Amino acid sequence: MHRRFNRATAGSAFAAGLAIWAGTAVAVLPPVISDPDSRLPDPGLMPGPFPFTVTAANVNVTPLPGGTYNGADQDNLLVEIQSAGPYMWTESRHNEGDVAMLISPFDPNDPSYFPPDTFVNNYQPLQPAMPDFANTTLAWRVNQQVGGLFATVRHNGIDQQLLSGGEAVGVIHGLAYFNNDFGQGWGFRMNDGVFANGGNGSSDLQMGIAGFSGGAGEASFDVATTMFPYAHDWVGAWVNQIDNNVLAADGAFGSSHPGLAGQGAEVVQWTAITSDPLDGFKARVVLPGDMTPENGMLIVAAANGDNDAKIAGGAGRDGGWDVVVRDASPPSEELAEAYLEGTIGALGAQSEFQFMYVDYRSPGLVGGLIDADGNTVQAAGENQFSITRTGTGVYAISVFESDGQTKKTEDDGVLVLSVSGHAPGQEDLADLSFMSYEYDGVDSGDFIVQARRVTAINATEEEGGNFWGDVLSLVDIDFSFMWIDFENPVQGFVAGDMNRDFALDAFDVNPFEAALADGEAFAAANPFTTASVVGDFNGDGVLDAFDVAGFEAALAGSGGAVPEPASLMLLGIGGLAMLRRTRR
C-alpha cells in the first residue's frame with residue numbers, strides 16, 4: 001500500500017486553526033471536540049488538524065474474490081488509502097457499497113490510523129462485532145453540513161472475480177457518490193465536533209453497479225473522493241427531495257453555503273418531465289449574481305441513500321443549469337424505452353442531488369468544460385493540461401506540473417468528473433450518461449476518461465450484453481473535469497477578497513471598511529462575502545480592528561502599490577495598537 005502525504009501541509013499553522021494559501025490567511029475555527037457518550041478510552045484522544053481546504057484521496061476498495069454480489073462475503077472488503085492530500089483520509093466502517101470516510105487522522109504516519117491491511121468483514125470498530133476502539137476513529141467524519149462531497153469511479157470496467165447466482169459475473173462498471181441519509185461509522189463529526197457513530201449530517205461513500213444488474217445493486221471498487229468545504233467559500237448545496245414539484249416541506253436545502261441559506265426554493269425549481277408523474281422530475285438551478293455557466297461549471301452528483309444507484313448530470317443553459325437524476329437502470333421494463341431515450345428521471349425522494357459551483361477564476365483551477373469531440377470550451381490552467389478524444393466516449397487527459405511538460409500521476413491528485421451536456425434531442429434534460437477514469441501508469445501517463453450510457457437491456461452476449469444483459473455503450477458527451485492536486489488544490493475565495501473578484505487589491509478596501517463599521521449589515525447585504533471567513537484574519541470569529549494588520553499584510557503581499565484610505569491606515573497603525581494594549 002502506498003500512502004503519499006505531504007506532512008508539511010498539516011503543520012503547526014493548521015493545528016493553530018489557520019490555513020495559508022498563496023500568502024493569504026483563511027481563518028476558520030474548527031468545532032470544539034467532545035465525547036458525550038464517553039466512548040473514548042482516553043479523554044485526551046483527538047483527530048488531526050481540521051480540513052479547512054479542498055482535499056481529496058484515492059481510495060481502493062477490493063471485495064474478497066469468490067464472493068457474491070448482494071450475498072455471501074459481500075461485506076468482506078480490503079480498504080486502502082492509496083494517496084491523499086493536503087490532508088490524509090481514512091475510514092471507520094464498511095460493508096458492501098458503503099464506506100464511512102474520515103479526514104485527517106491524528107497520526108497519518110501510523111498504520112493503526114488506517115483500516116486493517118487485510119480483508120475485513122463488515123468493519124465497524126466500537127460496535128459489538130469489532131474491537132471496542134480503533135485509531136481509525138480518531139479523525140474528522142465527513143459531513144454534508146460542512147461542504148460538498150464527491151466521488152469519481154477510478155476504473156473503466158473491472159472484473160473482481162465475484163459471483164451472482166453461483167456464476168461468474170465478469171466485468172462491471174460502477175457508480176459512486178456520497179449520500180445524504182443517516183451515515184454510520186465512528187469519528188469526530190465535522191459540523192459539531194461530537195465523537196459519535198455518524199448521524200447529524202454524516203455521509204457515507206456509496207457505490208453501485210451501472211445498469212439494470214438484475215437487482216444486484218451495491219458493489220465495491222476504487223474511487224477518488226473530494227471535499228469542498230463551505231468554510232473555504234465554495235458555493236454549493238445538498239438538495240432535498242421534492243414533494244408536489246417543489247422542494248421538501250421545509251423549503252430549504254439539506255445544507256448549503258451560508259450565502260444560499262433560505263434560498264432553496266429560488267435556486268432550485270422542480271418540474272415534472274412530462275404529464276405522466278411516472279416519468280419523474282427535472283430541476284433547474286439558477287445561482288445568484290454572476291455565478292453562471294459562462295463564468296463557471298457546476299459539479300453535480302446524486303445524493304439519495306437507498307441501495308439502487310443513481311446517476312446525475314447538469315447542463316448549462318440560459319444562465320443556469322438543467323439537472324436530472326436517474327436510476328442506474330430502467331425502473332421497469334414498461335419505462336425502458338423512455339429511459340433509454342433519455343426522457344425519464346427519478347421519482348420524488350429519489351431525485352436528491354448535490355451541486356458545487358466552480359468559478360473559472362478560482363485560484364489554482366486546472367480543468368473546465370469539454371465538448372463531445374474533446375475540445376476545450378471554457379477552462380482554466382490550460383497550460384497544465386491537455387485533452388484528446390481517442391475514440392467514441394474515450395478521452396485522454398494529461399495533467400502537467402507548472403513546467404507544462406512533466407506529467408502528474410495518480411499519486412499527485414485526482415480527477416472530478418461531471419456530465420455537463422444535454423440528452424440527445426433534448427433542450428432541457430441533462431444527459432443520462434455516467435463517467436469513470438483510470439490512470440495509465442504503464443504507457444501514456446494519462447488519465448483515461450470514459451463516458452457510457454445504457455443503450456439496451458435483456459441483450460445477449462453476442463449483442464454486447466453483460467452478465468445481466470445490459471449494454472453499456474461508450475458515447476461522446478459534454479463534460480466538466482477538475483484536477484485536485486494533493487499539495488496545491490484549487491482554492492475558493494482568498495481572505496480579504498471582499499468584493500469576490502478573485503483579486504486582492506484596492507477595490508477590496510472600501511468593502512473591508514464597511515464590514516469593520518457594521519459587520520451584520522455588511523453580511524446581510526453581501527451574503528456570499530462571509531466576513532468570518534474572508535476578512536477574519538486572526539481567526540477569532542469577529543471581524544474587527546485586530547484583523548486590519550492581516551488585511552494590510554495581505555494587500556502588501558498581493559503585488560504592486562495598493563492605495564489605502566487614510567482611515568484604514570490610521571486604524572491599522574494607531575487604533576490597532578491602542579486596542580492591543582487594552583484587550584484581554
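Start by selecting Arg189, which sits in strand E15 (residues 186–189). Keep in mind as you look around that this is a predicted model.

Is Arg189 buried or exposed? It counts as buried because its relative accessible area is 12%, and the cut-off for that label is under 20%. Now show side chains and pick Asp192: its side chain makes a polar contact with the side chain of Arg189, at 2.8 Å. Next, bring up the surroundings of Arg189. Leaving aside residues up to four places away in sequence, it touches Pro31, Trp140, Arg141, Asn143, Val194, Ala196, Gly198, Gly199, Asn200 and Ser202.

How many cavities of 30 Å³ or more does the structure hold? There are four.

Head for the largest cavity, with about 280 Å³ of space. The lining of the largest cavity comprises 16 nonpolar residues, four polar and one charged.

Last stop: the second largest cavity, which has about 60 Å³ of space. To find it, select Pro63, Leu64, Gly67, Thr68, Tyr69, Asp73, Gln74, Glu96, Leu162, Ala219 and Ser220, which form its lining. Colour these by type and you get five nonpolar, four polar and two charged.

Notes
Residues are numbered from 1 along each chain as its sequence is written. This is a predicted model: local features need pLDDT of at least 70, side-chain atom pairs count only at pLDDT 80 or more; totals for chains, interfaces and linings use all residues. Side-chain values use heavy atoms; hydrogens and water are left out. On a 1 Å grid over the protein atoms alone, a cavity is a set of points where a 1.4 Å probe fits but cannot get out, and a pocket is an open set with protein on both sides within 12 Å along at least five of seven lines; lining residues have an atom within 4 Å of a point. Grid points are joined across faces, edges and corners, and a volume is the space filled by probe spheres set on the points. Ala, Val, Leu, Ile, Met, Phe, Trp, Tyr, Cys and Pro count as nonpolar, Asp, Glu, Lys and Arg as charged, and the others, Gly among them, as polar. Helices (H or I, at least four residues) and strands (E, at least two) are DSSP runs, numbered from the N terminus. Buried means under 20% relative accessible area, exposed over 50%, partly exposed in between (1.4 Å probe, protein chains only). A polar contact is a pair of N or O atoms within 3.5 Å; within protein, one must be able to donate a hydrogen and the other to accept it, and residues adjacent in sequence count only if both atoms are side-chain atoms. Contact means heavy atoms within 4.5 Å.
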